[in-house]
Amino acid sequence: MEIEKIMGEDNSLCIKPAGRIDIMSAGTFSKEVLSSIENINALTLDFSEVIYISSAGLRAILEIAKNMEIKNGSLYIVNVPRNILDIFRMTGFDKILNIG
Amino acid sequence: MLNRNKSKLLLLLITFGGFLCGLVFCFVGYFILKINPLFIGAVFVLSVIFLILGVAYLSLLRRYSASLRKLSHMTQQIGSGNFDIQAENVEEGEIGELINNFNSMSKNIKNYVSDMNIQAKKEATSKSELTIANSILNYTVPSSFCENMDEFDVYATMKSAKEVGGDFYDYFFINPTQFMFLVADVAGTGIPAALFMMNTKELIKNMAKENSSPKRIIEKINRKLCSINKKNFFVTMFAAIMDISTGEIFFINCGHNPPLIKRKDGKYKYLEIASNLVLGVYPNFNYKIQKTKLNEGDILFLYTDGITEAMDDRDELYGETRLLICLNDYRTCESDDLKKVISDVQNDVKSFTGEREQIDDVTMLAFKYNGNKKQTKEETLSLPAKIENFGSFNSWIESTAEKLNIGKADLSRLQLVSEEVFVNIANYAYPDKKGDVDISFKKDGNEIVLRFVDSGVQYNPLEKANPDINARLRDRKNGGLGIFMVKKSVDFVGYEYKDNQNILTIKILYA
């Protein structure tokens with residue numbers, strides 16, 4: 001899968017994955033993100049190009065979210081397509097993440 | 001012109017006045033002036049002659065003017081529409097003749113007008129009868145819901161030449177899987193033929209629904225038609241009965257024009273038909289039914305001889321060859337749109353006949369088979385339960401869903417649950433050894449059924465506790481998420497352990 005990274009000001013980072021986040025690509029996704037957020041305090045995940053997510057993808061997000069929380073950083077997930085949003089709601093992820 | 005009374009009066013005055021003057025002159029001349037008595041005598045005679053002439057003229061005038069008045073009155077009456085008038089004729093000579101002629105003229109006019117009235121009434125009646133009959137017939141056009149079935153498309157048109165036609169088409173379900181369609185032509189014109197046509201139409205439907213085999217259906221139709229056929233009408237017909245679940249089609253041609261068949265991606269050609277006698281003539285005729293199979297995309301084109309016998313102004317017939325050429329024009333041949341195919345033929349016939357009036361009814365029916373959508377098709381896959389096989393497994397799910405005509409909306413859901421189950425099995429079923437997972441994917445009516453079978457560790461994934469979806473981030477665990485999502489996404493999920501196999505069945509109700 002393709003992952004776009006956009007550096008912002010004040011240690012903020014925007015990451016935009018594209019395509020499917022499933023059992024095959026979730027590992028790559030989380031590795032990429034975790035390796036980029038060492039010094040980042042504010043992480044934004046732009047989901048506008050994500051077309052599919054399974055439990056593997058959710059686990060990856062969970063890992064990233066916990067990582068940011070430990071650092072007292074913030075995590076925002078934005079531009080979430082409807083079908084992905086339904087999954088976040090189904091699993092209660094909309095309550096533990098900042099989803100917009 | 002002087003008022004005739006005034007002029008008569010004047011004439012009277014002149015006549016009598018003149019006579020009186022003559023008399024006075026004679027009297028004065030003889031007794032007073034002593035004019036020559038011979039001269040007086042002559043003047044007296046002249047005066048008398050003058051009087052006689054005057055009176056004679058006046059009386060003649062009166063006689064003629066009476067007749068003329070009679071004739072003038074008569075003309076006036078005829079002019080205002082009263083043709084019943086006859087003048088009393090007691091005259092002789094030219095006037096008598098004139099009055100006679102007037103009388104016969106009046107009689108002729110009366111008869112002529114009366115005949116015209118009868119004719120016009122007759123025509124008006126028959127025209128309105130035909131219009132009524134025609135609108136009744138038009139009401140019995142077959143229901144249009146058949147046109148929107150998944151398994152086939154059908155479209156037909158009928159255009160009559162006179163107000164009431166002898167052609168008809170019909171299509172209907174005999175039972176949930178058998179669909180009958182036909183075109184027919186009743187030989188005969190006018191209202192009796194149209195009524196016979198209606199009878200035939202109803203008869204066909206009733207016999208089809210009451211009888212089981214196509215042969216029995218046709219023979220019953222024929223026998224019944226023979227028994228009600230008082231005016232020696234006959235019916236030509238091409239009919240087909242199709243099993244929409246298998247594509248098998250029975251057809252029969254009774255003295256009708258051979259239809260055309262086009263296989264998917266092929267060209268139109270005339271269907272090979274066995275010739276059978278027309279219906280309604282010989283009750284014991286042994287009708288020969290034919291059989292073939294239609295596949296997805298095949299088209300049948302039925303029509304009546306109004307097309308092939310359409311004439312141009314040189315009396316040349318449109319014919320079967322032109323019809324074939326028209327249908328095989330690439331724009332028509334490659335079209336799946338039955339309305340367009342029919343209108344292309346209509347336009348071609350129209351440009352052939354030009355200004356020439358349509359002399360026979362034109363009926364066309366096109367039928368396209370789309371294949372059996374409701375069939376229970378099952379696809380299976382067997383592969384080693386390893387994560388690295390997920391890619392091929394997922395592709396298989398996608399392509400099978402397409403084969404089973406599952407829409408994009410349901411596909412997403414399908415892929416999610418498939419992944420979760422597959423990954424579960426791949427991760428846990430065979431911890432010590434290699435093993436396969438067998439997947440069955442089918443659509444049964446409006447249910448999508450996925451079944452996963454593995455011979456690994458006995459394990460019921462449904463027993464796993466649901467994750468706490470209300471827990472805070474730091475308390476969230478990974479376990480159980482996948483199977484939880486499956487449970488929430490499908491209409492049914494069930495597990496059983498049988499013959500040393502874990503069997504997980506998932507059902508999604510298909511919209």
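Among contacts in chain B between residues at least 6 apart in sequence, 69% join residues at least 24 apart. The corresponding share in chain A is 68%. Both values come from a predicted model. The two chains touch: 23 residues of chain A are in contact with 26 residues of chain B. Across the whole structure there are 19 salt bridges and zero disulfides.

**Chain B: overall build**

- Chain B has 511 residues, and 43% of them count as buried.
- Its secondary structure comprises twelve helices and 15 strands.
- Helix 4 of chain B spans residues 190-210 and contains Thr200(B).
- Thr200(B) has a relative accessible area of 0%, so it is buried.
- Beyond its neighbours within four places in sequence, Thr200(B) contacts Phe168(B), Leu225(B) and Val235(B).

**Chain A: overall build**

- Chain A has 100 residues, with buried residues making up 50% of them.
- It holds four helices and six strands.
- Read from the N terminus, the order of elements is β-β-α-β-β-α-β-α-α-β.
- Helix 3 of chain A has these buried residues: Ile84(A), Leu85(A), Ile87(A), Phe88(A) and Met90(A).
- Gly92(A) follows helix 3 of chain A and has a positive phi, near 80°.

**Where the chains meet**

- Chain A and chain B bury about 2000 Å² between them.
- Carbon and sulfur atoms account for 61% of that area.
- On the chain A side, Ile23(A), Tyr52(A) and Met90(A) lose the most area to chain B. Together they make up 26% of what that side buries.
- Seven residue pairs are in polar contact between chain A and chain B, with both residues at pLDDT 80 or more.
- By class, the side of chain A that touches chain B has twelve nonpolar, five polar and six charged residues.

**Salt bridges between the chains**

- Side chains of opposite charge can pair when their charged atoms come close.
- Two salt bridges are counted between chain A and chain B.
- In one of them, the side chains of Arg20(A) and Glu419(B) meet at 4.0 Å, N to O.
- Arg20(A) lies in strand 2 (residues 12-21) of chain A, while Glu419(B) lies in helix 11 (residues 408-428) of chain B, so this pair joins two chains.
- Arg20(A) is buried, because its relative accessible area of 19% falls under the 20% cut-off.
- Glu419(B) is buried too, with a relative accessible area of 2%.
- A network of salt bridges links Arg20(A), Asp22(A) and Glu419(B).

**Salt bridges within chain B**

- Glu316(B) and Arg322(B) meet through their side chains in a salt bridge of 3.0 Å, N to O.
- Glu316(B) is partly exposed, at a relative accessible area of 34%.
- Arg322(B) also counts as partly exposed, at 30% relative accessibility.
- Another salt bridge joins the side chains of Asp336(B) and Lys368(B), at 4.0 Å, N to O.
- That pair links distant parts of the chain, 32 residues apart.
- Asp336(B) sits in the loop between helix 8 (330-333) and helix 9 (338-353) of chain B, and Lys368(B) sits in strand 10 (residues 362-369) of chain B.
- Asp336(B) is partly exposed, with a relative accessible area of 47%.
- Lys368(B), by contrast, counts as buried, at 7% relative accessibility.

**Cysteines**

- A disulfide is a covalent bond between the sulfur atoms of two cysteines.
- A search over all chains finds zero disulfides.
- Cys21(B) counts as exposed, because its relative accessibility of 55% is over the 50% cut-off.
- Cys254(B) counts as buried, at 0% relative accessibility.

Notes
Residues are numbered from 1 along each chain as its sequence is written. Chains are lettered from A and ligands numbered from 1 in the order in which they are written. This is a predicted model: local features need pLDDT of at least 70, side-chain atom pairs count only at pLDDT 80 or more; totals for chains, interfaces and linings use all residues. Side-chain values use heavy atoms; hydrogens and water are left out. Contact means heavy atoms within 4.5 Å. Buried area is the accessible area (1.4 Å probe) that two parts lose on being put together, summed over both. A polar contact is a pair of N or O atoms within 3.5 Å; within protein, one must be able to donate a hydrogen and the other to accept it, and residues adjacent in sequence count only if both atoms are side-chain atoms. Ala, Val, Leu, Ile, Met, Phe, Trp, Tyr, Cys and Pro count as nonpolar, Asp, Glu, Lys and Arg as charged, and the others, Gly among them, as polar. A disulfide is a pair of cysteine sulfur atoms within 2.5 Å. Buried means under 20% relative accessible area, exposed over 50%, partly exposed in between (1.4 Å probe, protein chains only).
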